[in-house]
Amino acid sequence: MNAMKAAAVSAVAIAIALTVSLSGQGKKTYSAPKTPWGDPDLQGVWNDATSTPLQRPNGTKDVLSDEEAADFQAALANELTRDRRDGGNAVDVNRAYNDHWMDSRRLKITADHRTSLIVEPRDGRIPPLVPLSPERQAARAARAGANARFNDGLPDEHLDMSLPVRCIIRTDSPPYLPTIYNNNFQIFQSPGVVAIGPEMIHSARMIYVDGRPHLNRGLKQWLGDSRGRWDGATLVVETTNFRPDEGVVFQGADPATFKITERFTRVDPTSMNYEFTVEDPRTWTKPWTAIVPWNKVDPGEQMFEYGCHEDNFDIVHFLVGARNRQKNAR
Amino acid sequence: MKLLVAALGVLFAVAQTPTYRAPHRADGHPDVSGIWQAFVTANWDLQDHEAQPGLHPELDGAYSAGPGGQSIVEGGDIPYQPWALAKKKENFAKRGQVDVSDDKKWHALGDPELKCYMPGVPRATYMPHPFQIVQGSNNTILMAYEFTSATRIIRMNWTQEAPTDAWMGWNRGRWDGDTLVVDVTGQREETWLDRAGDFHSDKFHVVERYTPTSPYHMQYEATLEDPKVYTRPWKISFPLYRRMEKNLQLLEFKCVPFTEELLYGKFRKPGVAR
């Protein structure tokens, strides 16, 4: 109850800040702290969990009232709580098991009560897709076939599994979107560089802010190549040079033409707006933009190493299970 | 008089130690930010070693062969307990073997580097890849390694003990004059120290010292202690070099795709082409 009240109070503050920054005018009431060398100071551990979906559910209004938001959060909390005993043993146990792993911060709708993280287009929906080229259709179909084998418990080989299952990239690839767990990011800064350490997986994304050019176009990386600049109190990051593998960039966009611009702006002492715009003329009919609130994590809480590949027992279990199923089916 | 004594003291200190004094930041400490790399061959063997062929010279020819090098261990040899020396030799003999078919023996065989596992400390420092230090203005310092994108968060003046084991350990830092000292506990026992099979247990304790010796160099020293494996604490040391290339950046060495076939290829459905 107290937590709810606190959330409501900070909601007002953030809603005001958001209105100001979204309208792009008006006086800024908050001025972000600076590092000793004069850059806006983004250092610390941040958490981007929220229950506000990326896209606005059809038929929903764009912003909820305080009462509607409270109802929504209460219903979601009830939906997911480990304490429910009304679904039968299997359902109750599964729900309790899942709840154990989940980030409890995910239950909160954005402080400004938006019903979608997408703010542009104004309908809160990903713009219509453009038709795929035959080559991309083929790549997409191959991937879909692999996913289907995996979902049927019959992967042919490790390459049938997704990049997250293979522990190559997880939520460390931009754009950063909340998931059910491990929604933490630690930001480090020194003159000329901002490093973002996502909890999952343990990589550090080096964003050089010293004016250097991008890598040559032919040098590709799983997480792309990031360059930043300061626009007032905002860190603006452009990332290119993604590897061509299917699934490397968001929502199956084409890595060759995918472009992402991210903006990090502190809006009050404990929150930051993470705004990203993605564009890809081979995927979407127009660019689109989302804003995800990042909340500062109490310094007493810490981020721990997220190992993945080192103990990836699952990948072997999936494969051994598949071979046994095929043997038994004969 | 006091002044004179102090002045003499400074002169004496200068005469006794390298003359370099690192510039200090506003917080009174040297700035160790930047991209660094060791140029020793200790990743093949901490101790004296001759140039050596790779695991499969019949396939790789001279490609995977390793360079020779002199020991970076103070006194030359690692002070193993007798059982541990035997274990190190066994590790070396089986360094290229892999078997992940049984969870309980998942880590029993093979050099973790071969399997692209996070290398632990101090090995991460002398792998043949650069690493970047991001020293900010709060109580953490980031060390990011190119090899498998491993990272460590150095928590400055932190008292809490390791809450759980981690591949890159629990890293607590402090300044000792111009030297950054990092105390590393809570490392996963499965990491190795090199390709020669050198190893440690879950009682491993490492204390690292990073001392700037010029704008472009730091002297690195680590004391390694493990009462289960060694007869006494021992030291390694070597210089770290600042990478000077214009616009050099830390690239990815995401080696999971390089090792998947070795780890998981034998579980492929019969008849499916590689």
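Student: What share of the contacts in chain B with a separation of 6 or more comes from residues 24 or more positions apart?

Tutor: In this predicted model, residues 24 or more positions apart account for 57% of those contacts in chain B, where a contact asks for C-beta atoms within 7 Å. For chain A, among contacts between residues at least 6 apart in sequence, 63% join residues at least 24 apart.

Student: What makes chain A as compact as a globular protein of its length?

Tutor: Chain A is built from five helices and 10 strands. For its 330 residues the globule rule gives 20 Å, and the radius of gyration is 21 Å, which is close to that value, so chain A is as compact as a globular protein of that length. Taken along the principal axes, its C-alpha atoms fill a box of roughly 70 × 55 × 40 Å, and 35% of its residues count as buried.

Student: How do you know whether the radius of gyration of chain B agrees or disagrees with that of a compact globule?

Tutor: A compact globule of 274 residues would have a radius of gyration near 19 Å, and the 21 Å of chain B agrees with this. The C-alpha trace of chain B spans about 85 × 45 × 40 Å along its principal axes, while 38% of the residues of chain B count as buried.

Student: What makes up the barrel in chain B, and in what order do its strands close?

Tutor: Chain B comes to five helices and nine strands, and nine strands close into the barrel in the order S1-S2-S3-S4-S5-S6-S7-S8-S9, with mixed pairing. From one strand to the next the twist averages 30°.

Student: Why do S6(B) and S7(B) count as paired?

Tutor: Pairing requires at least two bridges between the strands. Strand S6 (residues 179–185) and strand S7 (residues 205–214) of chain B are joined by five bridges and run antiparallel, so by that cut-off they pair. Within S7(B), Glu208(B) is the residue that stands opposite Val182(B).

Student: How many bridges join S7(A) to S6(A), and how many to S8(A)?

Tutor: Seven bridges join strand S6 (residues 225–231) of chain A to S7(A), and six join S7(A) to strand S8 (residues 259–268) of chain A; S7(A) runs antiparallel to S6(A) and antiparallel to S8(A). Asp225(A) stands opposite Thr240(A), and Val236(A) stands opposite Arg263(A). In the hairpin of S6(A) and S7(A), with two residues between the strands, Gly232(A) takes a positive phi near 60°. The covered face of S7(A) holds Leu235(A), Val237(A) and Thr239(A), whereas Thr234(A), Val236(A), Glu238(A) and Thr240(A) form the uncovered one.

Student: Which residues touch the most other members of the largest nonpolar core?

Tutor: In that core of 92 residues they are Val194(A), Ala195(A), Leu142(B), Met143(B) and Ala144(B). Leaving aside residues up to four places away in sequence, Leu142(B) touches Phe188(A), Ala195(A), Gly197(A), Ala204(A), Val134(B), Thr151(B) and Ile153(B). Another core, of nine residues, lies apart from the largest one, and includes Leu319(A), Ala322(A), Val100(B) and Phe267(B).

Student: What supplies the largest share of the side of chain A that touches chain B?

Tutor: The contact involves 39 residues of chain A and 40 residues of chain B. Strand S3 (184–190), strand S4 (193–198), strand S5 (205–208) and helix H5 (313–329) of chain A each supply at least two residues to that side of chain A, and H5(A) gives the largest share, seven residues. By type, the residues of this side of chain A divide into 17 nonpolar, 14 polar and eight charged.

Key
Residues are numbered from 1 along each chain as its sequence is written. Chains are lettered from A and ligands numbered from 1 in the order in which they are written. This is a predicted model: local features need pLDDT of at least 70, side-chain atom pairs count only at pLDDT 80 or more; totals for chains, interfaces and linings use all residues. A nonpolar core is a set of buried Ala, Val, Leu, Ile, Met, Phe, Trp, Tyr and Cys residues joined through C-beta atoms within 7 Å. A residue is buried if 20 or more other C-beta atoms lie within 10 Å of its own, exposed if 12 or fewer, and partly exposed in between; C-beta atoms are placed from the backbone. Two residues are in contact if their C-beta atoms, placed from the backbone, lie within 7 Å. Helices (H or I, at least four residues) and strands (E, at least two) are DSSP runs, numbered from the N terminus. The radius of gyration is taken over C-alpha atoms; the globule rule is 2.2 Å times the number of residues to the power 0.38. Ala, Val, Leu, Ile, Met, Phe, Trp, Tyr, Cys and Pro count as nonpolar, Asp, Glu, Lys and Arg as charged, and the others, Gly among them, as polar. Axes are lines fitted to C-alpha atoms, for helices over the stretch in contact, and angles run from 0 to 180 degrees between N-to-C directions.
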